[in-house]
Amino acid sequence: NLVLLWVTYHAFVRGNVARLTRGMDSDGNICGLAGQPHQPTSRRLHAPGVSDFGSTWKSRRFIWFPVKPKVSIHDTLRLGVCVDHCPILGVNTTVKTYGKTSLTWPVSYTSRPVMGRCIPQMHDAKNIQDLKDLTASLRVTAWGFWCIHNAWAIRWVLAAVGISAILMCFFWTFSLTFFVMPIAHFTLAFGAILLGGSSFILWQHGRSDAVGVLGEKCWWCTGASIVLFVAFILYLLLLVFMIRHIHLALDVIKIASKVVVSLPHILGVPFIGFVVFCAFTLWWFYVTALLSTSAKVESERIQVPFPIRTVTVQSLHKDPTSTEFTWMLLFGYLWGTALLSAITYMVTAFIAVFWYFSVPGDDKYAPKGTMKHALVTTFRYHLGTLALGSLFLAIVQMIRIVLHYVEKKARKVKETNQASKFLMACSHCCLNCIERFVKFVDHNAYIVTCVE
């Protein structure tokens, strides 16, 4: 917790999310935000050619990047110009800068605004490969903020959908109390009829002289019918040998549905957990965005063609500690989400245990203050158990993320051979199995803790 607080403090002190949401031009100014250190004067913005894209700084809310041959994508992203509307190929011919170094960039592609960025449109553009690199660099950030913006705009619709989903879950669980056996028997019988009927139909079709749509005989029908018949036999054998376990699982589902019917507010536990998870995730995204912008603005000289000249730009130089802080924040997020999931799981299990052991027999009832008692017991006596189980899970997940990161970096350096791809795939498979095993052990340990 102290480490996460220190990382959060560092991010808030040195970061600036406006660099992501609005963009920063080649002079180090944040587009559309007043009070910038190198903000152009009103006289400069009213100059001929410059005023075509906004005569006031607050109106220049979008960042546009010139695309020129022989200019790397790294240098292109440092030559941004703030504009009040995105240039259109055929309508706008040039974009003139407003800084100390006067440059005139030709418009070589049509763009449209997406959350402060002028995203290239590929249908009528030149330098297609350069545009693909630029679009890939801008789209993740722009579309990420666009999704957040639209989600907030329809927040009431999302809330209504969530409430409707909770009500549907309650009614479905209530119906399972009475219809779980017929639903399960119907599903099992339908699966057997589907496999057996499909096998019979394909067998008859394969033996007949009928032709298909393309005018050819169905030569594969006989083989497919044999495969489906073998699957049908295996399905029946599985039902015969597993029927007792299936009925046991159905009894468990029936009892679990009775818990929900007796304690409807138990559905509020995962809902509250989801709300806390969303809040924690938003905090993590915001701090991560601050860390990604915790950099110093320093002058740098780059060379641009047409005509060949050297220009001075203001670019961001990342703080050396931001990468380490980002990894620490990621591990804290994995641990925090795993702990939150474990708390939700144990509170729900405690409520079910208190209900089940309330009175002997089938006429059970919900004791008073069941949820409060479950919350107090979880946080007072078992928070350390949950933290330890969540730590094991977070470590495995962190190893998987690091492995993905190393694999991605290795692909950028050189083309990997088949042996290394095979080893990476085996490593991912093993780590996935270990993660599932840890989750299984954690959940069973939490249940045993609740019962004992």
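Helices (H or I, at least four residues) and strands (E, at least two) are DSSP runs, numbered from the N terminus. The model is predicted: local features need pLDDT of at least 70, side-chain atom pairs count only at pLDDT 80 or more, and totals for chains, interfaces and linings use all residues. Residues are numbered from 1 along each chain as its sequence is written, and side-chain values use heavy atoms, with hydrogens and water left out.

**View 1. Spans annotated as transmembrane region.** An unreviewed UniProt entry gives this annotation to residues 156–180, 186–206, 218–243, 263–286, 327–357 and 381–403. UniProt positions are given in the numbering used here, feature names are shortened, and annotations may be inferred rather than shown by experiment. Residues 186–206 are 100% helix and 0% strand, with 30 Å between the end C-alpha atoms. For residues 381–403 the figures are 96% helix and 0% strand, and the end C-alpha atoms lie 36 Å apart.

View 2. Helix 8 (residues 268–292) has 25 residues and should span 36 Å at 1.5 Å a residue; its end C-alpha atoms are 36 Å apart, which agrees. The expected span of a helix is 1.5 Å times one less than its number of residues. Buried residues (under 20% relative accessible area; exposed is over 50%, partly exposed in between; 1.4 Å probe, protein chains only) of helix 8 include Val269, Phe280, Thr281 and Trp284. Among the elements covering the buried residues are helix 1 (2–14), helix 2 (18–21), helix 9 (320–356) and helix 10 (370–381).

**View 3. Gly273 in helix 8.** Gly273 lies in helix 8 and counts as buried because its relative accessibility is 11%. Leaving aside neighbours within four places in sequence, Gly273 is in contact (heavy atoms within 4.5 Å) with Leu340 and Thr344. The C-alpha atoms of Gly273 and Thr344 are 6.1 Å apart, although the two residues are separated by 71 residues along the chain.

**View 4. Aromatic pairs.** The structure holds 14 aromatic pairs. One of them, Phe229 with Phe232, is tilted, at 6.5 Å centre to centre and 35° between the planes. Rings of Phe, Tyr and Trp (its six-membered ring) pair if their centres lie within 6.5 Å; planes under 30 degrees apart count as stacked, over 60 as edge-to-face and the rest as tilted. Both residues lie in helix 7 (residues 221–262), three residues apart, about one turn of the helix. Phe229 is partly exposed at 45% relative accessibility, whereas Phe232 is buried at 19%. Phe280, Trp283, Trp284, Phe285 and Tyr333 form one aromatic cluster.
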